[in-house]
Amino acid sequence: MNDPYRAHAAFIRPAWLMRDIWRVMTMIVLVELIFVLSPVGLVLLLPDAARDAYVAGTGALGTLLQFFSFGVAGLGLVGLLPILHGRGFWSLVGGRRAAWAKLTQVFWAVGLVLLLIELVPPAALVDDTVVMRDLGAWVLLLPVGLLALLVQVGTEEMLFRGYLQQQLACLSQSRWVWMVFPSVLFGVLHYANGYGPADGLIWAAWAALLGLACADLTARTGNLGAAIGLHLANNAFALLLYAVADWPASGLALFVYPYEDPAALDYSLATLLDPSMIVQALTLALWVAVMWLAARIAIKR
(Lines give C-alpha, C1' and ligand atoms only; values in the text may rest on other atoms or scores of the structure.)
Protein backbone atom coordinates (compact mmCIF):
# COMPACT_ATOMS: atom_id res chain seq x y z
CA MET A 1 0.00 0.00 0.00
CA ASN A 2 1.40 3.39 -1.00
CA ASP A 3 2.07 5.82 1.84
CA PRO A 4 0.46 9.18 0.93
CA TYR A 5 2.95 10.89 3.24
CA ARG A 6 6.14 9.30 1.91
CA ALA A 7 7.47 12.74 0.86
CA HIS A 8 7.20 13.91 4.46
CA ALA A 9 10.30 11.98 5.55
CA ALA A 10 12.52 14.00 3.21
CA PHE A 11 10.78 17.23 4.25
CA ILE A 12 11.59 16.77 7.95
CA ARG A 13 15.13 15.42 7.42
CA PRO A 14 16.86 18.84 7.86
CA ALA A 15 15.24 19.16 11.30
CA TRP A 16 16.87 15.98 12.63
CA LEU A 17 20.23 17.69 13.10
CA MET A 18 19.14 19.71 16.17
CA ARG A 19 15.77 18.56 17.43
CA ASP A 20 15.98 19.30 21.18
CA ILE A 21 12.66 20.41 22.65
CA TRP A 22 14.30 23.39 24.39
CA ARG A 23 15.31 24.74 21.01
CA VAL A 24 11.71 24.51 19.78
CA MET A 25 10.36 26.22 22.90
CA THR A 26 12.99 28.97 22.63
CA MET A 27 12.11 29.57 18.97
CA ILE A 28 8.38 29.80 19.70
CA VAL A 29 8.91 32.28 22.53
CA LEU A 30 11.31 34.46 20.53
CA VAL A 31 9.22 34.53 17.35
CA GLU A 32 6.08 35.33 19.36
CA LEU A 33 7.99 38.11 21.13
CA ILE A 34 9.08 39.55 17.79
CA PHE A 35 5.52 39.35 16.49
CA VAL A 36 4.12 41.14 19.56
CA LEU A 37 6.80 43.85 19.65
CA SER A 38 7.06 44.53 15.90
CA PRO A 39 3.91 46.75 15.81
CA VAL A 40 5.45 48.92 18.52
CA GLY A 41 8.63 49.29 16.47
CA LEU A 42 6.70 50.10 13.32
CA VAL A 43 4.62 52.74 15.09
CA LEU A 44 7.83 54.40 16.27
CA LEU A 45 9.57 54.21 12.87
CA LEU A 46 6.77 55.04 10.42
CA PRO A 47 6.04 58.65 9.45
CA ASP A 48 2.87 60.15 10.93
CA ALA A 49 0.50 59.50 8.00
CA ALA A 50 1.66 55.92 7.50
CA ARG A 51 1.61 55.26 11.25
CA ASP A 52 -2.00 56.43 11.57
CA ALA A 53 -3.01 54.30 8.57
CA TYR A 54 -1.20 51.26 10.00
CA VAL A 55 -2.85 51.58 13.41
CA ALA A 56 -6.33 51.99 11.91
CA GLY A 57 -5.85 49.24 9.32
CA THR A 58 -9.04 50.17 7.48
CA GLY A 59 -7.63 51.91 4.40
CA ALA A 60 -5.59 50.45 1.57
CA LEU A 61 -2.24 51.67 2.93
CA GLY A 62 -2.98 50.54 6.47
CA THR A 63 -4.16 47.11 5.34
CA LEU A 64 -1.05 46.63 3.21
CA LEU A 65 1.25 47.70 6.03
CA GLN A 66 -0.42 45.33 8.47
CA PHE A 67 0.00 42.36 6.14
CA PHE A 68 3.57 43.26 5.22
CA SER A 69 4.37 43.59 8.94
CA PHE A 70 4.05 39.80 9.27
CA GLY A 71 7.34 39.69 7.43
CA VAL A 72 9.13 41.01 10.53
CA ALA A 73 8.27 37.81 12.42
CA GLY A 74 9.12 35.80 9.30
CA LEU A 75 12.56 37.38 9.14
CA GLY A 76 12.99 36.68 12.85
CA LEU A 77 12.18 33.00 12.30
CA VAL A 78 14.57 32.72 9.36
CA GLY A 79 17.29 34.61 11.23
CA LEU A 80 17.01 32.45 14.34
CA LEU A 81 16.90 29.16 12.42
CA PRO A 82 20.67 28.82 11.77
CA ILE A 83 21.42 29.95 15.34
CA LEU A 84 19.10 27.48 17.07
CA HIS A 85 19.02 24.64 14.53
CA GLY A 86 21.99 25.06 12.20
CA ARG A 87 19.86 25.18 9.04
CA GLY A 88 18.57 27.77 6.61
CA PHE A 89 15.51 29.19 4.89
CA TRP A 90 15.02 26.62 2.12
CA SER A 91 15.06 23.78 4.64
CA LEU A 92 11.77 25.21 5.93
CA VAL A 93 10.22 25.44 2.49
CA GLY A 94 11.29 22.10 1.06
CA GLY A 95 12.98 23.15 -2.19
CA ARG A 96 12.51 26.28 -4.28
CA ARG A 97 11.50 24.81 -7.65
CA ALA A 98 9.11 22.15 -6.31
CA ALA A 99 7.52 24.54 -3.83
CA TRP A 100 6.89 27.24 -6.45
CA ALA A 101 5.35 24.70 -8.83
CA LYS A 102 2.93 23.43 -6.18
CA LEU A 103 2.13 26.96 -5.00
CA THR A 104 1.07 28.13 -8.44
CA GLN A 105 -0.83 24.92 -9.24
CA VAL A 106 -2.85 25.02 -6.04
CA PHE A 107 -3.38 28.79 -6.01
CA TRP A 108 -4.95 28.79 -9.48
CA ALA A 109 -6.95 25.59 -8.89
CA VAL A 110 -8.38 26.72 -5.56
CA GLY A 111 -8.86 30.26 -6.86
CA LEU A 112 -10.88 29.00 -9.83
CA VAL A 113 -13.10 26.88 -7.58
CA LEU A 114 -13.69 29.78 -5.19
CA LEU A 115 -14.48 32.09 -8.11
CA LEU A 116 -17.11 29.65 -9.36
CA ILE A 117 -18.61 29.47 -5.87
CA GLU A 118 -18.74 33.27 -5.69
CA LEU A 119 -20.47 33.55 -9.06
CA VAL A 120 -23.14 30.89 -8.42
CA PRO A 121 -25.28 32.55 -7.24
CA PRO A 122 -23.83 36.09 -7.33
CA ALA A 123 -25.67 37.07 -4.14
CA ALA A 124 -23.34 39.89 -3.14
CA LEU A 125 -23.60 41.56 -6.52
CA VAL A 126 -27.41 41.90 -6.33
CA ASP A 127 -27.34 43.33 -2.80
CA ASP A 128 -28.02 47.05 -3.23
CA THR A 129 -26.27 47.86 0.06
CA VAL A 130 -22.91 46.81 -1.37
CA VAL A 131 -20.66 49.56 -2.73
CA MET A 132 -18.18 48.71 -5.48
CA ARG A 133 -14.89 50.56 -5.26
CA ASP A 134 -13.14 51.98 -8.30
CA LEU A 135 -12.26 48.94 -10.42
CA GLY A 136 -9.18 50.53 -11.99
CA ALA A 137 -7.65 51.42 -8.62
CA TRP A 138 -8.46 47.94 -7.29
CA VAL A 139 -6.75 46.28 -10.26
CA LEU A 140 -3.65 48.46 -9.78
CA LEU A 141 -3.49 47.52 -6.10
CA LEU A 142 -4.16 43.83 -6.73
CA PRO A 143 -0.52 42.73 -7.35
CA VAL A 144 0.67 44.60 -4.24
CA GLY A 145 -2.19 43.16 -2.23
CA LEU A 146 -1.35 39.62 -3.33
CA LEU A 147 2.31 40.21 -2.46
CA ALA A 148 1.34 41.48 1.01
CA LEU A 149 -0.88 38.43 1.53
CA LEU A 150 1.94 36.18 0.33
CA VAL A 151 4.15 37.67 3.05
CA GLN A 152 1.42 37.06 5.63
CA VAL A 153 0.52 33.49 4.70
CA GLY A 154 4.13 32.62 3.90
CA THR A 155 5.19 33.62 7.40
CA GLU A 156 2.37 31.62 8.99
CA GLU A 157 3.07 28.55 6.87
CA MET A 158 6.81 28.68 7.53
CA LEU A 159 6.14 28.74 11.26
CA PHE A 160 3.29 26.23 11.59
CA ARG A 161 3.62 23.84 8.63
CA GLY A 162 7.33 24.39 8.14
CA TYR A 163 9.17 24.82 11.40
CA LEU A 164 6.72 23.30 13.93
CA GLN A 165 5.61 20.42 11.71
CA GLN A 166 9.20 19.49 10.91
CA GLN A 167 10.55 19.78 14.44
CA LEU A 168 7.63 17.99 16.11
CA ALA A 169 7.74 15.19 13.53
CA CYS A 170 11.33 14.56 14.62
CA LEU A 171 10.16 14.24 18.23
CA SER A 172 7.17 11.96 17.59
CA GLN A 173 5.72 9.94 14.72
CA SER A 174 2.19 10.57 16.01
CA ARG A 175 0.12 12.74 13.70
CA TRP A 176 -1.54 14.18 16.82
CA VAL A 177 1.81 15.73 17.66
CA TRP A 178 3.14 17.04 14.34
CA MET A 179 -0.11 17.56 12.43
CA VAL A 180 -2.95 18.21 14.87
CA PHE A 181 -1.14 20.16 17.61
CA PRO A 182 0.26 22.92 15.31
CA SER A 183 -3.16 23.19 13.64
CA VAL A 184 -4.97 23.56 16.97
CA LEU A 185 -2.41 26.14 18.08
CA PHE A 186 -2.93 27.97 14.79
CA GLY A 187 -6.67 27.94 15.50
CA VAL A 188 -6.29 29.16 19.08
CA LEU A 189 -4.25 32.15 17.93
CA HIS A 190 -7.10 33.12 15.58
CA TYR A 191 -9.60 33.28 18.45
CA ALA A 192 -8.71 36.96 18.94
CA ASN A 193 -10.01 37.73 15.43
CA GLY A 194 -13.57 37.24 16.67
CA TYR A 195 -15.73 39.94 18.24
CA GLY A 196 -16.95 37.73 21.09
CA PRO A 197 -16.77 34.17 22.44
CA ALA A 198 -18.97 32.60 19.76
CA ASP A 199 -17.33 34.46 16.88
CA GLY A 200 -13.89 33.73 18.32
CA LEU A 201 -14.60 29.99 18.61
CA ILE A 202 -15.83 29.85 15.01
CA TRP A 203 -12.67 31.66 13.88
CA ALA A 204 -10.54 29.23 15.89
CA ALA A 205 -12.30 26.12 14.56
CA TRP A 206 -12.09 27.37 10.97
CA ALA A 207 -8.38 28.18 11.29
CA ALA A 208 -7.66 24.79 12.87
CA LEU A 209 -9.38 23.03 9.95
CA LEU A 210 -7.43 25.17 7.48
CA GLY A 211 -4.26 24.25 9.35
CA LEU A 212 -5.07 20.54 9.08
CA ALA A 213 -5.67 20.88 5.35
CA CYS A 214 -2.35 22.70 4.90
CA ALA A 215 -0.50 20.16 7.09
CA ASP A 216 -1.90 17.31 5.00
CA LEU A 217 -0.84 18.98 1.73
CA THR A 218 2.63 19.62 3.12
CA ALA A 219 3.04 15.99 4.16
CA ARG A 220 1.82 14.79 0.74
CA THR A 221 4.12 17.02 -1.29
CA GLY A 222 7.18 17.38 0.94
CA ASN A 223 7.21 21.18 0.65
CA LEU A 224 5.18 24.25 1.66
CA GLY A 225 4.11 25.23 -1.85
CA ALA A 226 0.64 23.63 -1.85
CA ALA A 227 -0.12 24.85 1.68
CA ILE A 228 0.88 28.42 0.81
CA GLY A 229 -1.13 28.26 -2.43
CA LEU A 230 -4.30 27.14 -0.64
CA HIS A 231 -3.84 29.64 2.19
CA LEU A 232 -3.12 32.47 -0.26
CA ALA A 233 -6.17 31.72 -2.41
CA ASN A 234 -8.40 31.61 0.67
CA ASN A 235 -7.11 34.89 2.09
CA ALA A 236 -7.22 36.60 -1.30
CA PHE A 237 -10.91 35.83 -1.72
CA ALA A 238 -11.68 36.63 1.91
CA LEU A 239 -9.88 39.99 1.93
CA LEU A 240 -9.67 41.26 -1.65
CA LEU A 241 -13.28 40.75 -2.70
CA TYR A 242 -15.62 41.59 0.20
CA ALA A 243 -15.33 43.60 3.40
CA VAL A 244 -17.36 45.63 5.86
CA ALA A 245 -16.57 49.34 5.73
CA ASP A 246 -14.14 50.50 8.44
CA TRP A 247 -13.60 46.99 9.80
CA PRO A 248 -10.00 45.80 10.22
CA ALA A 249 -8.23 44.77 6.98
CA SER A 250 -11.05 46.17 4.85
CA GLY A 251 -8.94 48.51 2.74
CA LEU A 252 -8.26 46.24 -0.25
CA ALA A 253 -11.73 44.77 -0.90
CA LEU A 254 -13.54 45.47 -4.17
CA PHE A 255 -17.06 45.19 -2.70
CA VAL A 256 -17.81 46.89 0.61
CA TYR A 257 -20.84 46.42 2.87
CA PRO A 258 -22.06 49.32 5.06
CA TYR A 259 -20.44 49.69 8.47
CA GLU A 260 -21.98 47.71 11.30
CA ASP A 261 -20.93 48.16 14.91
CA PRO A 262 -19.62 44.78 16.16
CA ALA A 263 -20.48 45.80 19.74
CA ALA A 264 -24.14 45.88 18.76
CA LEU A 265 -24.05 42.25 17.60
CA ASP A 266 -24.61 39.31 19.93
CA TYR A 267 -21.58 37.01 19.90
CA SER A 268 -22.17 35.39 23.29
CA LEU A 269 -21.62 31.64 23.70
CA ALA A 270 -25.39 31.06 23.63
CA THR A 271 -25.50 32.14 19.99
CA LEU A 272 -23.50 29.04 19.01
CA LEU A 273 -26.81 27.17 19.22
CA ASP A 274 -28.52 29.64 16.91
CA PRO A 275 -29.35 27.97 13.56
CA SER A 276 -27.69 30.79 11.61
CA MET A 277 -24.43 30.34 13.52
CA ILE A 278 -24.55 26.58 13.01
CA VAL A 279 -25.06 27.10 9.28
CA GLN A 280 -22.17 29.59 9.22
CA ALA A 281 -19.84 27.15 10.99
CA LEU A 282 -20.82 24.26 8.69
CA THR A 283 -20.40 26.48 5.62
CA LEU A 284 -16.88 27.45 6.68
CA ALA A 285 -16.00 23.78 7.30
CA LEU A 286 -17.37 22.87 3.85
CA TRP A 287 -15.40 25.78 2.36
CA VAL A 288 -12.14 24.32 3.74
CA ALA A 289 -13.05 20.82 2.53
CA VAL A 290 -13.75 22.08 -1.01
CA MET A 291 -10.45 23.99 -1.12
CA TRP A 292 -8.56 20.95 0.15
CA LEU A 293 -10.14 18.70 -2.49
CA ALA A 294 -9.34 21.24 -5.22
CA ALA A 295 -5.74 21.33 -4.02
CA ARG A 296 -5.55 17.52 -3.94
CA ILE A 297 -6.76 17.37 -7.54
CA ALA A 298 -4.22 20.04 -8.56
CA ILE A 299 -1.25 18.19 -7.03
CA LYS A 300 -2.63 14.76 -8.08
CA ARG A 301 -2.04 13.27 -4.63
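The lining of the largest cavity divides by class into five nonpolar, one polar and no charged residues; here Ala, Val, Leu, Ile, Met, Phe, Trp, Tyr, Cys and Pro count as nonpolar, Asp, Glu, Lys and Arg as charged, and the others, Gly among them, as polar. The model is predicted, with pLDDT of at least 70 needed for local features and 80 or more for side-chain atom pairs, while totals for chains, interfaces and linings use all residues. Residues are numbered from 1 along each chain as its sequence is written, and side-chain values use heavy atoms, without hydrogens and water.

**Cavity**

- One cavity of 30 Å³ or more is counted, where a cavity is a set of points on a 1 Å grid over the protein atoms alone at which a 1.4 Å probe fits but cannot get out.
- The largest cavity has a volume of about 40 Å³, volume being the space filled by probe spheres set on the points, which are joined across faces, edges and corners.
- Trp138, Leu141, Leu142, Gly145, Leu240 and Leu252 line the largest cavity (lining residues have an atom within 4 Å of a point).
- Helix α8 provides the largest share of this lining, four residues; helices are DSSP runs of H or I with at least four residues, numbered from the N terminus.

**Second largest pocket**

- The second largest pocket holds about 390 Å³ of space; a pocket is an open set with protein on both sides within 12 Å along at least five of seven lines.
- Its lining has 18 residues, and Phe89, Leu150, Gly154, Met158 and Ile228 lie nearest the centre.
- α8 gives the most to the lining of this pocket, with five residues.
- By class, this lining has twelve nonpolar, five polar and one charged residues.

**Helix packing**

- The axes of α5 (residues 70–85) and α8 (residues 135–171) come within 8 Å and cross at roughly 30°; axes are lines fitted to C-alpha atoms over the stretch in contact, and angles run from 0 to 180 degrees between N-to-C directions.
- α5 and α8 are therefore roughly parallel to each other (angles under 35 degrees).
- Their contact (heavy atoms within 4.5 Å) includes Phe70, Leu77 and His85 of α5 and Val151, Met158 and Gln167 of α8.
- Helices α2 (residues 21–45) and α3 (residues 48–56) pack at about 150°, with axes 8 Å apart.
- α2 and α3 are therefore roughly antiparallel to each other (angles over 145 degrees).
- Pro39, Leu42 and Val43 of α2 meet Arg51, Tyr54 and Val55 of α3, a contact of five nonpolar, no polar and one charged residues.

Methods:
Helices (H or I, at least four residues) and strands (E, at least two) are DSSP runs, numbered from the N terminus. Angles under 35 degrees count as roughly parallel, over 145 as roughly antiparallel, 65 to 115 as roughly perpendicular and the rest as oblique.
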